[in-house]
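Here are a few exercises to work through with the structure open beside you. Try each task before reading its solution.

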Amino acid sequence: MHKNLSIHLAPSLLKSKNEKILKRRFTIMNSGDTAWVLTASALVLLMTMPGLAFFYGGLVRRKNVLSILMQCFIIVCIVSLQWVLFGYSLAFGPDFHGIIGTLEWAGLAGVGAAPNSNYAATIPHSVFMIFQAMFAVITPALIIGAYAERVKFPAFLLFTLLWATFVYDPLAHWVWGTGGWIKSLGGLDFAGGIVVHVSSGISALVLALLLGKRVGYNHKPIRPHNLPFTVLGAALLWFGWFGFNAGSALAADGLAANAFVTTNTATAAAGLTWALIEWWHNGTPTILGTATGAVAGLVAITPACGFVNPMNAIFIGIIVALVCYTAVAVIKGKLGYDDSLDAFGVHGVGGTVGTIATGLFAEKAVNAAGADGLLFGNLHQFGIQCLMLVVTIAFAAIMTFVIFKIVDAAIGMRVEEKNEIIGLDLTQQSEAAYTVIE
Amino acid sequence: MKLIIAIIQPHKLEAVKRELEAVDVNLMTVTNVVGQGRQKGLTEIYRGAKEAGGLLNKVRLDIAVNEAFVEPTIDAVTRGAHTGSVGDGKIFVVELAECIRISSGERGGVAIG
């Protein structure tokens, strides 16, 4: 989040009779920026559905694929409405003691065509709002990977609404909202490594532990029912992520280009590294591994993409593949928790790697509005990154625990064993994805 | 020689396979099937149109065995697939007239194992 406007042009042109037009074009609204952020918003929507929906949908058993598609789809509906009604105001509205936004902008009051220079001075405020809406949508959708194949649909709905309101909105305010305490401290999170990935990943782990294992889960993955779906979803995630990361520049400029290039580079490095690790460790590279590695790379470069150079993006990609592979293929099996689709192993761990990497590799030469990291002699920034990481992990974990207990007491989070065995598609939605006989 | 046909719950396949391996029965053919028994199917709804009591997914095992293995096989399948409720499935045992191993041309009991 930055702004490097050509405001300095304005004074010399003030006497021009075209003053108003020039002012509008150069210092208030920029059609290129607006067009790009609108496009980026649509790209981020594509990440949730069909991207994440098919990435996760392919990984579950055939009896549960519709439940994943439904959860991703209806999250878009629920969180979009929550966001315009009050979520945006809580996250980005006028600050209340650095902790939360007030409800002054509830129902998008005052959020219209005029830019808000605190967030993005060259695009309409409503464009910034809808771009952020897509982030609010995808974050609870990432958690689906942890409770896949065993959650009750009404409980999922209530959990999602509470989580979006009491975890995502405050966290977004701390890190990105004007007056938010982490933002005031100088914490760097370009596109959501902390706000989106660490928060959802940690919550995923807490949920996986509280919900318990799926019936029949025995320390090894349950076989994916449709890997082509998963690969299609991963490819759509990669594509949409350009909107997520480069769009976070909030302008069509050099910084957006840097974010685009570092995103692609880190992702390529992580996908290749994961394939090579598998080759060395298991004897063959797999497409599921390569796609998973790419997603881990996307996650890790997210907080860093607007602060690091492309060569360091390669390091970030390699490091995250090594760490996430260890988390998913070695540690998870040993600890025995059932994070069905590795929401924690990829997003929680990858987001953590990315946040720390930002504190290492960030440099002002890339983004003057950012800061130098540890490798450029700034221990202070590294400390801030670690602090925001610890605070986010603690906050997300505790809040998820509390919300789980509330929903579990009110509705019950987990489906009955009989229904879990038959599958969520038939028992929660009364429909089946595939026919055995016409 | 007998052909043992077992219809079981899909999620019990792994448990049944483990029990069969424990009694040294390692060869089988497995198919996805649908069917209906005393366990009623679930209602499905497509754009408001209800379809009551659809067929349920089951797994079918075809196991050819020599006489000495018939009872151990039946016991193993039962141990693996039993929960005590309707829907656990059925086991059918039928006479097997002949068995030929394609690779060697062997016939009868030696071709089964």
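The exercises below use a predicted model and come with worked solutions.

**Exercise 1.** Work out which strands of chain B each supply at least two residues of its side that touches chain A.

*Solution.* Begin with the contact itself: 9 residues of chain B are in contact with 10 residues of chain A. On the chain B side, strand 2 (29-35) and strand 3 (44-46) each supply at least two residues. Strand 3 of chain B gives the largest share of that side, 3 residues. Finally, sort the chain B side by class: 4 residues are nonpolar, 4 are polar and 1 is charged.

**Exercise 2.** Find the sense in which strand 1 of chain B pairs with strand 5 and with strand 6.

*Solution.* Take strand 5 (residues 56-65) of chain B to start with: strand 1 (residues 2-8) pairs with it in the antiparallel sense over 7 bridges. As a check, look for B:Leu3, whose bridge partner in strand 5 is B:Ala64. Now turn to strand 6 (residues 89-95) of chain B, which also pairs with strand 1 in the antiparallel sense, over 7 bridges. Here B:Ile4 stands opposite B:Val93 of strand 6.

**Exercise 3.** Describe how helix 11 and helix 12 of chain A cross.

*Solution.* The axes of helix 11 (residues 287-301) and helix 12 (residues 310-335) of chain A come within 9 Å and cross at roughly 125°. Helix 11 of chain A is therefore oblique to helix 12 of chain A. The crossing is right-handed. Among the residues that meet are A:Gly293 and A:Ala296 from helix 11, and A:Ile316 and A:Gly317 from helix 12. By class, this contact has 8 nonpolar, 3 polar and no charged residues.

Terms used: Residues numbered from 1 in each chain as written. Chains lettered and ligands numbered in written order. Predicted model: local features only at pLDDT ≥ 70, side-chain atom pairs only at ≥ 80, totals over all residues. Contact = placed C-beta atoms within 7 Å. Helix = DSSP H or I, 4+ residues; strand = E, 2+ residues; numbered from the N terminus. Nonpolar A, V, L, I, M, F, W, Y, C, P; charged D, E, K, R; others polar. Pairing = 2+ DSSP bridges. Axes fitted to C-alpha atoms, helices over the stretch in contact; angles between N-to-C directions. Parallel < 35°, antiparallel > 145°, perpendicular 65-115°, else oblique. Left-handed = near helix turned anticlockwise from the far one by under 90°.
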